[in-house]
Amino acid sequence: MLKIWIEKAINYLDHSLNPLPQELNELEWKESLSPDNKKLSKHLSAFANHPGGGFLVFGIEDYSARIIGVTKADAVHIIDKLSNICRDSLNPVVSIDHAIENYSSIPLLFIYVRESGVKPVHIKAGTI
């Protein structure tokens, strides 16, 4: 089932990869999950504070923007870790949604960070 936000995310991804690869205010791509929880918390809170929220896309090389894909096992790990950070490290709690979609016939993990109705979203003191 296609989620209503996925078309918007794919459109942002198209614009961020072509003609010259560059991340956007609304979308960042990642090769894999960073081990730095503070950095992840900053990304999540920034998107939650951004009008309309934002998107993280996993399975794209950080520097070359080459599409490499993501495995289902990696996607489960990424979703679990980001969900835990949203619940345990941010105030107020941030809501995310996810989908694995093929892009150029390669599976990518799209994470939608919803705009928070209560702002500003910030990192809880003492959690990281």
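What covers the buried residues of helix H1? The cover includes strand E1 (27-30), strand E2 (54-58), strand E4 (96-103) and strand E5 (106-113). The model is predicted.

**Helix H1**

- Helix H1 runs over residues 6-17, which makes 12 residues.
- Ile6, Ala9, Leu13, Ser16 and Leu17 are buried in H1.
- Strands E1, E2, E4 and E5 are among what covers the buried residues of the helix.

**The largest pocket**

- The volume of the largest pocket is about 190 Å³.
- There are 13 residues in its lining, and Lys30, Ser32, Ser34, Lys39 and Asp62 are the closest to the pocket's centre.
- Two elements, E1 and helix H2 (37-49), each give two or more residues to this lining.
- H2 gives the most, with 3 residues.
- By class, the lining has 5 nonpolar, 3 polar and 5 charged residues.

**Cis peptide bonds**

- Most peptide bonds are trans, and most residues other than glycine have a negative phi.
- Asparagine 18 and proline 19 are joined by a cis peptide bond, with omega about 0°.
- Proline 19 is found in the loop between H1 and E1.
- Another cis peptide bond links lysine 119 to proline 120, again with omega about 0°.
- Proline 120 belongs to the loop between E5 and strand E6 (122-123).

**Positive phi values**

- Alanine 65 has a phi near 65°, which is positive although the residue is not glycine.
- Its place is in the loop between E2 and helix H3 (72-88).
- Is alanine 65 buried or exposed? Alanine 65 has a relative accessible area of 11%, so it counts as buried, the cut-off being under 20%.
- Serine 104 also has a positive phi, near 55°, and is likewise a residue other than glycine.
- Serine 104 lies in the loop between E4 and E5.
- Serine 104 has a relative accessible area of 55%, so it counts as exposed, the cut-off being over 50%.

How values were computed
Residues numbered from 1 in each chain as written. Predicted model: local features only at pLDDT ≥ 70, side-chain atom pairs only at ≥ 80, totals over all residues. Heavy atoms only, no water. Helix = DSSP H or I, 4+ residues; strand = E, 2+ residues; numbered from the N terminus. Expected span 1.5 Å × (residues − 1). Buried < 20%, exposed > 50% of the residue type's maximum accessible area, 1.4 Å probe, protein only. Contact = heavy atoms within 4.5 Å. 1 Å grid on protein atoms, 1.4 Å probe; cavity = no way out; pocket = protein on both sides within 12 Å on 5 of 7 lines; lining within 4 Å. Points joined across faces, edges and corners; volume = space filled by probe spheres on them. Nonpolar A, V, L, I, M, F, W, Y, C, P; charged D, E, K, R; others polar.
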